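Trainee: I am new to this structure and would like to know what the terms used for it rest on.
Mentor: Look at it first, then ask.

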There are 2 protein chains.
Amino acid sequence: MTVAYLGPRGTNSEEAALLYAGSEAELEPFSGMPEVIKAVESGAARAGVLPVENSIEGPVSVSLDLLIQTSNLKLCHEVVVPIRHVLVAKEGARPEGIRRVMSHPQALAQCRLFLEREFPQAEQVARMSTGGSVQEVARGGDLTVAAIGPERAQHLYGGEVIARDIQDARSNLTRFMVLAHEDAEPTGDDKTFIALKTDKDEPGSLFRMLEPFAKAGIQLTNVVTRPTKGWLGEYVFLLDFQGHRKDPVVAKLLDDVREIADELKIIGSCPRFPVEQYRDLLAG
Amino acid sequence: MTVAYLGPRGTNSEEAALLYAGSEAELEPFSGMPEVIKAVESGAARAGVLPVENSIEGPVSVSLDLLIQTSNLKLCHEVVVPIRHVLVAKEGARPEGIRRVMSHPQALAQCRLFLEREFPQAEQVARMSTGGSVQEVARGGDLTVAAIGPERAQHLYGGEVIARDIQDARSNLTRFMVLAHEDAEPTGDDKTFIALKTDKDEPGSLFRMLEPFAKAGIQLTNVVTRPTKGWLGEYVFLLDFQGHRKDPVVAKLLDDVREIADELKIIGSCPRFPVEQYRDLLAG
């Protein structure tokens, strides 16, 4: 059965879906993150892949808000993909002839220093996706325009790679969540993802919600604050931490947190992705 | 002397600069947030205005990262602007003839439900700014394209308003920081903004950094976690809370926090903006 991801083909989301499901799996691109969720909810796909965090840009707000507000799907897997941008132009284009560079604004931002150094005169043009901008450039007829995207997009759509690894930071990694109707069974090296809300607007309310974690000796691996969208200054806290919700210590912790928070949503537990495998790749 | 803001003219950043400096002040648009900071650092502008948080989209990462990493400017003022999007087309265009809608991806996202309901067939096209997309549509000759932006952009650039208040949530507010070489003096109703980092990757490290706030009875108004950009899973915490750094209780708190955190950067204290003034506006 199909694995849904945010298309078009050639994006890093497709790379994440391949890492999760393997090259034999049937993958299907969708045009937006809500559509990925809907595909899983309706049973059209068995799982969906969403980006949730990048090591440079931080949390991917759209995904997190879908997890908090819309969806009751569970986290069943996580995948981390190294993001390596290439600059692609039409075959025959010369670097000194490039006048415009197009990509998703986030990819343009991630290559800001490179663009300032190598293409200070080029106009930066926004597009809705990195893969789509590579496709547009590769299939168009304009030799003065280039696109930033993953090398996989160039393999799919053609064009010529003008420069590789143009992102400003070497350790550019994106974490993806795989969502399904059930979360994963414990493996001994797991993580759990929850959303918390407190209605008490008083000193120390976040502190009190974190107290059970400190007492249980459980390492919080991330805290993200998202607006409730109700009023400026009202937040939902997304926490992820080591351990599986079925581990006795974590189960007890979740009971304690449930007592303190006004709302607790357990998004799920899954095996921790061994992100340390990329240390060498990025140093090399 | 000049107040710098993120241009072009007609954006919400200009609205924030006007709210801060008044309509008599000399305002100057810059093409990027780093350029706004540089203008203040070099003395070309006396203050600079940056968006830091939206009630729907959450933190504005680019601004926060500049505050953490690049700049030593101080927070001297804050301003909150209600975001009200309009849909603008060339004079003479008819709603049923619109085939493409352009804007910054964030503005397109904020009007997603409106676009799905009213313009389900229209292609969404990314642009680098809301103001710029209104200008492009108003000055172009294409009656099948519309742009999403603030009404102020339509006043500046022309075109015709097809629909008003098209944002999905009514309480769409953006908080801006005004940065200068010095922060503000205490007024009795202030807030303070700091960045914290801990090198200890161990259970309870965030909890311990928050303990002094709970003990002092100081209300944390926001916690934002930003990646250090060094490695996935390493974070800087941005906290803002009630009180001025010169208040004795806050000064003592900051000493306590400095003991616990490995790095503490005090971005500044300023008068709290009375955001409650917008409650009626948004309910009405």
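**Terms and what they rest on**

Mentor: Chain A has 10 helices and 15 strands, where helices (H or I, at least four residues) and strands (E, at least two) are DSSP runs numbered from the N terminus. This is a predicted model, in which local features need pLDDT of at least 70, side-chain atom pairs count only at pLDDT 80 or more, and totals for chains, interfaces and linings use all residues. Residues are numbered from 1 along each chain as its sequence is written, and chains are lettered from A and ligands numbered from 1 in the order in which they are written.

Trainee: Why is chain A called as compact as a globular protein of its length?
Mentor: The globule rule is 2.2 Å times the number of residues to the power 0.38, and the radius of gyration is taken over C-alpha atoms. For 284 residues the rule gives 19 Å; chain A has 21 Å, which is close to that, so chain A counts as compact in this sense.

Trainee: What share of chain A is buried, and what makes a residue count as buried?
Mentor: A residue is buried if 20 or more other C-beta atoms lie within 10 Å of its own, exposed if 12 or fewer, and partly exposed in between, with C-beta atoms placed from the backbone. By that test, 49% of the 284 residues of chain A are buried.

Trainee: What makes strand 13 and strand 14 of chain A a pair?
Mentor: Two strands pair if DSSP finds at least two bridges between them. Strand 13 and strand 14 (residues 235–242) of chain A have seven bridges, in the antiparallel sense. One of the links joins R226(A) to V236(A) in strand 14 of chain A.

Trainee: Why are strand 13 and strand 15 of chain A said to stand at the edges?
Mentor: The open antiparallel sheet has four strands in the order 13-14-12-15 (chain A). Strand 13 (220–227) and strand 15 (263–271) of chain A each have a single partner strand, so one side of each has no neighbour in the sheet.

Trainee: How many residues does each chain bring to the contact between chain A and chain B?
Mentor: Residues are in contact if their C-beta atoms, placed from the backbone, lie within 7 Å. The contact takes 43 residues from chain A and 43 residues from chain B. Strand 13 of chain A gives the most to the side of chain A that touches chain B, with eight residues.

How values were computed
Two residues are in contact if their C-beta atoms, placed from the backbone, lie within 7 Å.
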